[in-house]
Amino acid sequence: MSQELMPVLRLDPEPQLGLGDLQVYEDEIDHFEWEESTEELRSPYLLVYNIKPFKEQKRQVFLKGVPVTVHIEGTERHLRGFKVRPNTVYIMRITHGDFTWMVKKKFKHFEELHRDLLKHKFKIRVIQPLARLAATQGLRREPGVTMTMPALPHQPEWASLRQASSKQKRLEDYLNKLLEKSFYRNYHGMMAFLDISELSFIHELGPKGLEGMIVKRSGGHRIPGLNCCGRHKVCYQWSKRWIVIKDSFLLYMRPSNGVISFVLLFDKGFNVQVGSKDTGTKYGVMIENLSRTLIIKCSSYRQACWWKQEITNLAERHGQDFLAEHRFDCFVPARHDTLARWFVNGSGYFSAVADALEQAKEEIFIADWWLSPEIHLKRPAKDNYWRLDVLLKRKAEQGVKIFVLLYKEVELALGINSEYSKRTLTSLHSNITVMRHPDHVASTVLLWAHHEKLVLVDQSVAFLGGLDLAYGRWDDQEYRLTDVGNAALANPTVDPVSNHNEAEPLEEFPEGEGSRVEELKECPSHCRADSTDCSNGGQFWLGKDYCNFIQKDWVELDKPFEDFIDRSSTPRMPWRDIGVVIHGAAARDVARHFIQRWNFTKIVKPKYKPSCYPYLLPKSHTTADRLPFVIPGSISANVQVLRSVECWSAGSSEHSIYNAYLQVIRDSQYFVYIENQFFITCADDGSVSNQIGDVIVERILKAHRAKKRFRVYIVTPLLPGFQGDITAGGGNSIQTILHFTFRSMCRGEYSIVERLKKYMGDDWVNYISFCGLRTHAELNSSLISELIYIHSKMMIVDDRQVIIGSANINDRSMLGKRDSEMAVLVEDTEMETSVMDGEEYQAGKFAHRLRLQCFKIHLGLPDDQMTDVEDPVSDRCFQEIWNATATTNSTIYDQVFKSLPSNSAPSLVELREFVSAPGLVTSVPEEAREKLKSVRGFLVQYPLYFLCEEYLLPPLNSKEGMVPVEVWT
């Protein structure tokens with residue numbers, strides 16, 4: 001046997017491994033400086049998607065140019081079994097830049113490392129010809145650095161205290177000398193000894209926690225439905241994995257390929273236990289959250305306790321926000337000093353989303369109920385630069401990872417064709433990954449939907465609200481009924497409403513700094529959002545984007561640029577919506593929700609098991625204030641992220657949106673303003689459970705008893721968004737939603753109006769108002785009118801608090817057990833002087849300005865009349881302007897267009913008579929035009945008596961009648 005092989009194979013219990021004579025020369029080493037030869041990534045964080053097998057040489061683990069130092073702080077001695085000699089464990093504090101962590105090793109681990117490094121050194125010598133060839137191609141060693149192996153110090157375990165202290169110092173020197181040499185530092189055996197991996201020193205993932213090789217048990221998932229087969233304790237097996245503990249999650253990965261196999265997010269159910277009683281195995285550690293119980297096996301009880309201590313300490317020190325109970329039983333607390341901005345209508349929202357996506361450097365997350373890849377985010381479109389699919393492809397080609405979560409609809413019931421959206425997006429680039437959920441049969445979820453609308457950029461900027469990136473959503477304050485060039489608004493007396501949400505250049509911040517730098521400029525070669533000089537004739541809505549879904553629902557979505565309704569005869573249905581953007585820690589909370597849903601979907605759907613559908617990791621809140629850019633016009637406020645989720649949708653249960661609505665209304669002092677797509681509320685004995693209407697009644701009665709003013713503004717669409725001929729009653733779907741809406745507002749013993757009448761008679765009109773929106777225009781020289789579809793999900797209270805999100809006021813959105821939803825509660829901290837109930841009042845900038853913008857658009861007020869609505873509690877605002885404008889506009893529309901729905905049609909018989917009688921639009925067009933000049937804004941009364949004499953629930957033998965009531969409520 002060769003002399004050089006002998007030291008590697010010696011089995012002597014006290015090996016003499018002082019091998020300074022094993023010198024490796026410059027021309028014998030391949031890749032001395034691995035740190036210099038590693039490939040550069042667009043961002044260090046993107047390394048999480050490029051983890052290499054543990055034994056591969058070119059692993060980018062350490063920070064470039066940053067030394068690694070070891071300090072042995074002390075020792076622990078443990079007796080095990082009947083051994084006379086105690087085991088000595090060395091406690092090491094290791095520092096690498098800003099990262100510091102503790103490692104415990106026995107002397108035998110030092111010996112194993114030493115032998116492993118010698119083997120590695122020997123292998124390099126065996127492949128000398130290949131190494132020399134690489135050396136001739138420019139690979140060189142650090143000047144002045146030799147590859148001499150330091151000697152490993154030895155002393156018996158029972159040595160004196162002075163001897164032990166000396167050995168401790170020499171072991172420390174031994175390690176530090178090894179770590180000075182990149183050849184040894186970058187060897188996978190050294191990394192395993194130091195308990196580090198490629199995820200250890202990524203600043204965006206937070207401080208370094210415990211890491212190491214463990215044996216874990218499969219199973220333990222809590223998955224509802226048929227997907228759970230094979231995932232419980234009776235079907236488990238043991239596997240070796242590398243586990244990484246971070247401040248708010250843990251993960252484990254396969255050492256053989258570096259693929260992350262599971263991520264466990266810390267939450268309110270987080271718990272760590274040791275012992276066979278809790279784990280079912282000797283020296284086991286149980287780590288659980290609300291969706292899984294993970295069992296790992298340690299080599300000793302001491303090691304199990306060490307793991308429990310370190311995991312618990314890190315979680316409680318840095319991840320306490322996710323472990324504690326919070327207001328509204330929410331998964332996260334309110335985040336202070338958060339930059340937030342509201343958007344009224346899709347024009348400003350889509351434009352800001354486009355600008356934000358353009359700035360993405362690492363990740364883009366999108367979650368939608370419906371997504372149309374071909375929509376233009378800035379309009380009118382001169383070219384395709386700002387088309388969603390083109391924009392996402394451009395970012396993917398730049399290396400940005402894009403993840404899209406889509407609701408997988410029941411195709412027989414809903415025609416949004418999410419399969420087409422997924423196929424289109426995934427065909428653009430390999431960096432775009434799309435998941436759809438749920439699988440309705442396997443998950444036993446047939447009735448509920450994923451209803452969130454989220455866009456996140458680099459887990460630092462989050463957009464949410466009611467706006468899907470889909471057809472029909474883009475609109476502005478003009479609410480056009482026809483496309484550009486085909487019609488002009490017939491009420492030119494209304495001053496254009498200024499919108500502070502026009503697309504603006506983003507404020508960009510260098511990483512880690514908070515000072516403002518030069519604003520980005522829009523590319524001059526592309527059409528601005530407000531331009532009309534476009535090659536498509538100035539059209540705003542192309543192909544399927546021009547729609548009126550009550551006239552006709554969408555068809556053939558795989559032909560996006562073909563019209564499906566006749567623009568020359570059918571007006572489009574305008575779309576009103578509210579969105580919001582938040583930054584920093586609150587945006588990280590939204591990202592955490594998205595990641596929870598994504599990882600849960602990957603677990604429950606076997607088709608997403610391959611590594612091409614990666615697990616996602618939440619960025620640490622310790623770096624949340626390092627904003628890459630800021631959306632202009634943002635205001636600092638306290639922001640709490642709220643949601644509705646259930647075990648089927650995200651693996652945990654929560655209905656904090658509902659709790660927030662109830663509490664905020666109860667605590668209101670002056671007024672409540674609600675814009676919502678649905679208004680189905682007031683709990684009864686069976687069909688409806690949410691109590692939002694009930695707390696509105698309680699709050700009004702409280703004000704009535706105290707003889708104080710209190711106002712409630714309700715704005716909701718005049719008709720639900722289902723296809724149907726309203727002149728014939730609307731069909732079963734429309735009538736069913738109308739039944740539950742009227743039942744909440746004014747019909748039956750549980751309704752708001754009927755309950756208020758018991759205590760105050762007709763005086764209820766001084767407390768609450770129900771309204772909708774309508775507009776008119778000309779199409780081919782003929783006057784036309786259409787309702788404005790309100791899709792907002794917003795509530796403003798006392799000009800200081802605002803809830804904006806995706807949640808409708810109905811059981812589907814509020815109860816948590818049904819549709820999944822996301823919202824934010826914005827509470828103002830920056831105030832401005834206003835008026836409330838006749839007194840000077842400090843109103844919040846965010847809430848106050850949003851409410852004034854809504855009133856300005858609805859009422860068609862010029863700037864010099866805005867003081868009339870400054871005080872929303874006053875009789876001047878509530879009665880003389882708001883209610884009076886709604887009444888006047890409703891009367892004019894009834895006379896001119898015979899608009900439906902209308903209080904003039906309490907029954908189907910009277911409905912037919914009402915529509916058969918000609919309106920002024922056909923009988924006296926000139927008089928009709930003259931009357932329409934008196935219309936102000938878009939506000940109209942909600943027709944509380946429409947079809948009040950009819951039974952609106954569907955026949956039991958109809959397909960709508962066979963659907964469970966819960967689907968409608």
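Me: Are Phe594 and Trp598 buried or exposed?

Reply: This is a predicted model, which should be kept in mind throughout. In it, both Phe594 and Trp598 are buried.

Me: Where do Phe594 and Trp598 lie?

Reply: Both belong to helix H14, which covers residues 584-604. They are four residues apart, about one turn of the helix.

Me: How many aromatic pairs does the structure hold?

Reply: The structure holds 44 aromatic pairs. One of them joins Phe343 and Tyr349 in an edge-to-face arrangement, at 5.8 Å centre to centre and with 85° between the planes. Phe343 is buried, at a relative accessible area of 0%, and Tyr349 is likewise buried, at 0% relative accessibility.

Me: Why is the pair of Phe594 and Trp598 stacked?

Reply: Planes under 30 degrees apart count as stacked. The planes of Phe594 and Trp598 stand at 20°, with the ring centres 6.2 Å apart, and therefore the pair is stacked.

Me: Which residues form one aromatic cluster?

Reply: One cluster is made up of Trp370, Tyr471, Phe549, Trp554, Phe564, Trp575 and Tyr789.

Me: Let us turn to sheets. What is the order of the three strands in the open sheet?

Reply: As a general idea, strands of a sheet pair through backbone hydrogen bonds, in either a parallel or an antiparallel manner. Here the order is S1-S2-S3, and the pairing is antiparallel. From one strand to the next, the twist averages 20°. Strand S1 pairs with strand S2 (residues 87-96) over 10 bridges, and Val68 stands opposite His96 in S2.

Me: Why is one side of strand S1 and of strand S3 left without a neighbour in the sheet?

Reply: Strand S1 (68-78) and strand S3 (99-106) stand at the edges, and each has a single partner strand, so one side of each is left without a neighbour in the sheet.

Me: Where is His776 placed, and with which side chain does the side chain of His776 make a polar contact?

Reply: His776 is in strand S25, residues 768-779. The side chain of His776 makes a polar contact with that of Tyr893, at 2.8 Å. His776 counts as buried because its relative accessible area is 0%, and buried means under 20%.

How values were computed
Residues numbered from 1 in each chain as written. Predicted model: local features only at pLDDT ≥ 70, side-chain atom pairs only at ≥ 80, totals over all residues. Heavy atoms only, no water. Phe/Tyr/Trp six-rings, centres within 6.5 Å; stacked < 30°, edge-to-face > 60°. Buried < 20%, exposed > 50% of the residue type's maximum accessible area, 1.4 Å probe, protein only. Helix = DSSP H or I, 4+ residues; strand = E, 2+ residues; numbered from the N terminus. Pairing = 2+ DSSP bridges. Axes fitted to C-alpha atoms, helices over the stretch in contact; angles between N-to-C directions. Polar contact = N/O pair within 3.5 Å; in protein donor to acceptor, adjacent residues only side chain to side chain.
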